[in-house]
4 protein chains.
Amino acid sequence: MIAVLKHDASPERTEMLIEWLKKQGLGVHVSQGEYTTVLGLIGNTKNVDMDMLRSLDIVESVTRVTDPFKAVNRKFHPDDSVIPIGNAGLTLGGGSFGLIAGPCSVECCDQIVGVAQRVKLAGANMLRGGSFKPRTSPYDFQGLGGEGIRLLLEAKKATGLPIVTEIMDIRTLDLFEDVDVIQVGARNTQNFDLLKELGKTNKPILLKRGLAGTIKELLMSAEYIIASGNENVILCERGIRTYESTYTRNTLDLSAVPVLKELTHLPVVVDPSHATGRASLVGSMALAAVAAGADGLMIEVHNDPIHALSDGAQSLTPDAFDDLAKRIFKIREALV
Amino acid sequence: MIAVLKHDASPERTEMLIEWLKKQGLGVHVSQGEYTTVLGLIGNTKNVDMDMLRSLDIVESVTRVTDPFKAVNRKFHPDDSVIPIGNAGLTLGGGSFGLIAGPCSVECCDQIVGVAQRVKLAGANMLRGGSFKPRTSPYDFQGLGGEGIRLLLEAKKATGLPIVTEIMDIRTLDLFEDVDVIQVGARNTQNFDLLKELGKTNKPILLKRGLAGTIKELLMSAEYIIASGNENVILCERGIRTYESTYTRNTLDLSAVPVLKELTHLPVVVDPSHATGRASLVGSMALAAVAAGADGLMIEVHNDPIHALSDGAQSLTPDAFDDLAKRIFKIREALV
Amino acid sequence: MIAVLKHDASPERTEMLIEWLKKQGLGVHVSQGEYTTVLGLIGNTKNVDMDMLRSLDIVESVTRVTDPFKAVNRKFHPDDSVIPIGNAGLTLGGGSFGLIAGPCSVECCDQIVGVAQRVKLAGANMLRGGSFKPRTSPYDFQGLGGEGIRLLLEAKKATGLPIVTEIMDIRTLDLFEDVDVIQVGARNTQNFDLLKELGKTNKPILLKRGLAGTIKELLMSAEYIIASGNENVILCERGIRTYESTYTRNTLDLSAVPVLKELTHLPVVVDPSHATGRASLVGSMALAAVAAGADGLMIEVHNDPIHALSDGAQSLTPDAFDDLAKRIFKIREALV
Amino acid sequence: MIAVLKHDASPERTEMLIEWLKKQGLGVHVSQGEYTTVLGLIGNTKNVDMDMLRSLDIVESVTRVTDPFKAVNRKFHPDDSVIPIGNAGLTLGGGSFGLIAGPCSVECCDQIVGVAQRVKLAGANMLRGGSFKPRTSPYDFQGLGGEGIRLLLEAKKATGLPIVTEIMDIRTLDLFEDVDVIQVGARNTQNFDLLKELGKTNKPILLKRGLAGTIKELLMSAEYIIASGNENVILCERGIRTYESTYTRNTLDLSAVPVLKELTHLPVVVDPSHATGRASLVGSMALAAVAAGADGLMIEVHNDPIHALSDGAQSLTPDAFDDLAKRIFKIREALV
């Protein structure tokens, strides 16, 4: 850690600060510049409160030289993590691609089984579907809850596809016993108590980036899960909140894919459906995500009759997904 | 609700859409423009999924004419809400100003009682202190937990100040029995299950705006609490995430104060300490918040010896708070 | 245009407003809802000041139903624009791909000719190089100016590659006589007087999106150029300013590519070098841009000896560009 | 300047880098940590290209220890700048408050003279009015141009108020000969050629912060003007672009006021009218700006008959301004 002192820091206060830092067990390396004094702090700086240090009136800036994340850090684990999914030998990461598809919300048995069969035929290897739904309004449909999970399990039985569904409240964890991948949504990325509890399970956790979460925050949230004992974490880029919200719901940050692949060994999947909010954009963004190096995609597919009216929904029709899957596999091949 | 159709929407599909909307129990008022058809939807549009409607390929845009929030809406409750705090007759809102002060984290008994006595003398009427701390890193200090609440209660006993402290996990609710105001932090503003449970209590809830939360989302989260039965909600502006993060931690959005006062009857307090992250800015932002019409302030005050080195921390010293409180009351008077 | 009135708008004021609108030559279609009155405005609404209308105290919201952009609008020009570049039959758009490469700044003759020869061999069909450089600091290198353009023309002579370079001040327009494509940088996207003057030339204009420009603003700036008489506009996505600036300089908004392709007939190129600011990310973002449907790429390539130390610069080495170009063409083929 | 090397930087490359830095005339101070090597660069680092250095593959991060701005820096000029306005002894900064009021656009003689007389009576000491208007759309009213300036000068003659108006194109500079303060709008904050030319005049320049400009960029743009010879710069906060744009046009960043007052000796004024875009918010934001320590305010006042309908426009009526001015002066007194 490096602390740069202000140009007018008095020698007395500088001395007081150095003494205090040494008492915290740190080595302090003083470097006197023309205008500034720079302190290099050596040793276990993990417990030093950077904000507090920065706030001292003789301190100009504080920079952490080492990353705050350890367990997720590729520096210490150079090889890609490979996450086992379900019991039939499927994996994600390290070259294995995950194509996760299904409806936004589970609605009824026919719907979810029907969609599951169609997306499996197209090449999907996991089924998604929401049972507990985080809705901005208390008056909006909140999902089928436990009944939704029961329906997902029927679709799994019918197709063999492992299932991915979102948890919102740790008190419902028992209901997820047969779920293959537990999703943490963008509104819970920093629900630290939830992350700690999920860290005590051995389920793969699909962790979405926060609504306006930084890359570092996403990695630190993954660190919470791993530090609690569960190494099976999949990161998910799903668009970030920016000033541009007229034509897309969020701004899909595809540069996060290569950035994350550099910083961490964990696999990275991309959700173009939630990011854009418009089906006409899902295809190009899915292909772009693959070209950017994503380890998987999470795509909404729906067969509701009203959507017959439309090829413009956030959810693709099964036919549109069929077509897209073919193009996805072509891009995958071109990358080799 | 108003749906504008695309200029090339075919008459057949337009007819199909109108029929479908009528089946949802809505009145549909068709207005044919030179280039566009506009549908005015009348009746209970609350259950219409705007995103789905917008996603139809013949629909250009959908606009909700009525606000999605009801219980918090000033249109239906023109008078300011007045929130009772504690048992000694204190209130917040409707002209009553709340000056909440105290340390970021509760550390030990001497600290919290000492700070409580100082801020009370300066004019604070509530004591804040964190017991459960949401930290980005799992390796950072996570707060004293239940022990922290016990220490806050001792400070309350010593000074009579009602106490405000943050809840992170609904499973700890029992520990908050004697807490006067329960705070929901910025990372939990959209933890809807937590909000629902807090809506079943009768405690005042201080609800912070999300890290990058919109004003509408803040109101909808308040709506969750009230819809579950608890009308005692205090809103808190605490800075939003923007591209400008070099000189301040967040951007304090003071225009949210008059905007919220127009939209809702709930009281609005401002937290300049977390917003700016630097004590040298807390004073001017506190005064600006008061001038903007805030119903209260939440200010960090700390007496840790290392801060003797500094007048630059996010936390003010008790002396600096003393001085600021005087200036706050002067601005309050000038507003009358 | 649709104006929604406030629920408590008095009949008198509503009548006054309707009269006033009719005097502006508009047809007014009144639709009375349960809670609200909606006015549909028909006719030439282009001259109605939406902000002023919205600001009236009886008006809740105003929505423009028709797009404010005309000349760039795909609705009125369904076919892709094909922009002629230089005199040798090269085009961009409508299926023709533009691969623009070269150094950030022109430094000397050997450099620019050397880079031009290398990128041409790799498959680039245009040469970029900055002569007038917009620098945040007045103390930073401001470019070689007219001398830089002279050197670019030598590189053009040596290789036959058309050249692209940035204009900052309209008073230097004469120097651009032999330049093939004039670039307008992100800081000048809304320098409307510059746009108007460029609209009087017949040169292709490569118009970059503003630092934090919306898609609509980019289109309106293109509209300025076309409205002044020059239809040869190429749009360029180059990253937008967001809260995430630790790991990338800007956030490359690739969803802007399919959005722009829907809204306008103009070609869209992507600059992954400026967007990310780091060479290790340029490759994946270039491939992603192609997969997203971009009509071209603009990539920095440099051969400065210090970069021998590095494969990490924003600029690729000629060797790295060679390799990337091959992968770009493979993705292009996979898309067919 | 401090460069932190990557943990796996080889000794050979580290040596090469150090040699190269020394050749640039810098002193290099090497500090070997447990995991990292840190280079402290001493001497004239102004010419070192930070981006290039950061881009080297053995470099982890580069931090500039000294501010990039010099002439505007309070460190080197501790006293407030006091800017002379007009020829009648008026000043702004260093305790002198500037209350600038007037219409958004100059429309006709009666209007501008009428408004000028009203705002002067209320206590304004400068008159604003737009003659050249930067409009997003080429089809919107572009201002009266030179005729507008002529009308402003008539209003000045009638009232004695110095006038403030915006320049968009340096080729029109001659028209500003009798203008007292030349405004640079948010779209031209980084139009560096314009800034350089204005730096050759001796007029006070009111420099607005860019649409999404950082505080540092604003200071660097002021640096351009001063470096060209003109020290009379007034900074103006006018709201920044954020994700929150439903209830306000921009987010007024009032914390920029105390931040700028710490960093620079230049005066800072606030424009609450453009920031919020709604008159009902202008009053509270104006008072908040004063409480935050602003040296002045710029407020839109208009007397157009259609606004009789309204107290909700971005522009205040003369009566509303009258009332606000009284409250502004009361807050100013309470601050002493």
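## Terms and model

Helices (H or I, at least four residues) and strands (E, at least two) are DSSP runs, numbered from the N terminus, and on this reading Gln183(B) lies in strand S10 (residues 181–184) of chain B. This is a predicted model, in which local features need pLDDT of at least 70 and side-chain atom pairs count only at pLDDT 80 or more, while totals for chains, interfaces and linings use all residues. Residues are numbered from 1 along each chain as its sequence is written, chains are lettered from A and ligands numbered from 1 in the order in which they are written, and side-chain values use heavy atoms, with hydrogens and water left out.

## The barrel of chain B

In chain B, eight strands form a closed barrel in the order S7-S8-S9-S10-S11-S12-S13-S14, with parallel pairing, where two strands pair if DSSP finds at least two bridges between them. Neighbouring strands of this sheet are turned by 30° against each other on average, direction ignored. Strand S7 (residues 98–102) of chain B runs parallel to strand S8 (residues 126–128) of chain B and is joined to it by two bridges; Ala101(B) has Leu127(B) as its bridge partner in S8(B).

Helix H10 (residues 318–335) of chain B lies across S7 and S14 of chain B, and runs at about 170° to S7(B). Axes here are lines fitted to C-alpha atoms, for helices over the stretch in contact, and angles run from 0 to 180 degrees between N-to-C directions.

Gln183(B) is buried, with a relative accessible area of 6%, where buried means under 20% relative accessible area, exposed over 50% and partly exposed in between (1.4 Å probe, protein chains only). Leaving aside residues up to four places away in sequence, Gln183(B) touches several residues, including Val164(B), Glu166(B), Leu206(B) and Met298(B), contact being heavy atoms within 4.5 Å.

## Helix H9 of chain D

Helix H9 (residues 279–292) of chain D is mostly covered, with 13 of its 14 residues buried, and just after H9(D), Gly293(D) takes a positive phi of about 105°.
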